[in-house]
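Here are my notes on this model, as numbered points. Please read them with the structure open.

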Amino acid sequence: MRLEVRCEDRIGMVREILDLLVPYHIDMRRIEVDSRSGCLYVGFDDIEFQFLTQLLAGIRRLRGVSDVKTVHYTPSEQEQNAIHTLLEALPDGVVAVDIKGHVTMATSQAAQDLGVPLNELLQQPLSHYIGSVAFERLDWAHLQGGVTKRLRLNGQLTLLEMQPFYVTNENAQRVCAGGVIHIHSAQRLGRQASSLRKAPNAQHALQGFLKPELTKSSAMKRCLGFAKAYIATDSSMLLTGEFAVGKKRLLEAVFQYWQEQYLEHEARLSFIASASVTPTILDEVLKQGGWIAFRDIELLSDACQVQLMHWLQEQPSRLYQDEAPSRVIGLSQLSNEVLRQQDHLRDELYFRLSEFQISVPPLRDRKEDLLGLATDILEEACERYNEPFIGVSKDALATLKMHNWPGNLKELESCLYQARQVAKSNIIESEDLPLELNQTMPIELIEGSLDKTVKAYEAQVLRKLYPQYPSTRKLAKFLNVSHSSIANKLKEYDIV
């Protein structure tokens, strides 16, 4: 039980309250003063309601007491539990010792690192568990900036960060009361660093792919429609697309979406290089569970293809076994038609894998998505390098749309990264792009006439842009020319 007594700060107040507790044979557990709020707190074992009522009335009659009531906890208890909860939430262990090196506080993770039950660790010399450091002889007061020590603890490489802590005495002096030791294991530090490295890719979940500015093209809308449908199936899949169209990123996004929707947080997605797989490795891979994606599936050896094909045939009877993977996915830069025609992939395996097919469109079929993709790439780059955002001008966007992009997203990313470095303002202009005009449209003099050549080039530009802006008004607005001018040119060049 806890009582909160709101009272004056005067000498003798605590003694008078304690005198009232004596007739009830109350064993005091806690007493503290909070001068900031003008309250005094006392803690003791529960007593009968009848005695509690009498006690509260007696306290209220004391001089200087304005109120008294029962509470669930005192301020120090609230603070201690908040700190303890915070420390327990840390990924690494924390230990506090007094000046003599005895443990006064420790977290569960610290006890686990030291290899001792938490209740046995408290009040024990810490040097019993970390023999390479004489904590009882450390001069904590002179370790102002703290000290770091690298050692092995229970066979694990460990980093200790040791820092003194201070309390303020009645003379307002800071007195060293001991030290705090933060226990970092190399394994945990590696996991944390890995998580930080992966953090930038977290935005590439399926909902990131579904952003309207990235899915304006009909080709990408169709692809994402198939991707969303695949989440609800249990079948294998054949995922095809040219180099750097985003197959891996899309599969990771689909997998993450599936994890969240079906609460399969323990499942893992593994990418395997088919060319390096042996029958023994394949057998181990198939037993590990999760989603297994085979890169360049056509490079899988004939023996492994037969083995994988037999495994897939047995799947209906193994669906509910723990060691069976949820999905098998074949990835290839070759189209479905080429995969079927070339001799490296068995027809039986092809049809087993292609129970579900997704083809990721090349960038040349996603011209409507270019502005959104460019903005996404530049935003990520500016955030990474902590620089102001840089955009793309209309002229530069037109140049991007006229390029064929044989290198797909990788080429676009490299192009924008370079343009970002040479741009003279916060807008990338056409001349900043490392693309030559002859990379987009070859120009030859027609019949020795400049006028005919210019008109032919203008016709090519309009033919490429019109599908992206399929109305005279949209195209005129994009090119910043009059509607009637564009309408006449489209008619002249027999585009509409």
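**Notes on the predicted model**

1. The model has six aromatic pairs. The rule: rings of Phe, Tyr and Trp (its six-membered ring) pair if their centres lie within 6.5 Å; planes under 30 degrees apart count as stacked, over 60 as edge-to-face and the rest as tilted. One of the pairs is Tyr 230 with Trp 291, edge-to-face, at 5.9 Å centre to centre and 75° between the planes. The pair links distant parts of the chain: Tyr 230 sits in helix 8 (residues 218–230) and Trp 291 in strand 12 (residues 291–295), 61 residues apart. Helices (H or I, at least four residues) and strands (E, at least two) are DSSP runs, numbered from the N terminus.

2. On provenance: this is a predicted model, where local features need pLDDT of at least 70 and side-chain atom pairs count only at pLDDT 80 or more, while totals for chains, interfaces and linings use all residues. Residues are numbered from 1 along each chain as its sequence is written, and side-chain values use heavy atoms, with hydrogens and water left out.

3. Four strands make an open sheet, order 2-3-1-4, with antiparallel pairing (two strands pair if DSSP finds at least two bridges between them). Strand 2 (28–34) and strand 4 (65–71) are the edges; each has a single partner strand, so one side of each lacks a neighbour in the sheet. Neighbouring strands are turned by 15° against each other on average, direction ignored. Axes are lines fitted to C-alpha atoms, for helices over the stretch in contact, and angles run from 0 to 180 degrees between N-to-C directions.

4. Strand 1 (residues 2–7) and strand 3 (residues 39–44) run antiparallel, joined by five bridges. Arg 6 stands opposite Cys 39 of strand 3. Helix 2 (residues 49–60) lies across strand 1, strand 3 and strand 4, at about 155° to strand 4. Contact means heavy atoms within 4.5 Å.

5. A five-strand open sheet has the order 6-5-9-8-7, again with antiparallel pairing. Strand 6 (103–106) and strand 7 (147–153) stand at the edges with a single partner strand each, so one side of each is left without a neighbour in the sheet. The twist averages 25° from one strand to the next. Seven bridges join strand 7 to strand 8 (residues 156–168), and the two run antiparallel. Arg 150 has Leu 159 in strand 8 as its bridge partner.

6. Helix 14 (residues 370–384) packs on helix 16 (residues 408–422) at about 55°, axes 10 Å apart.
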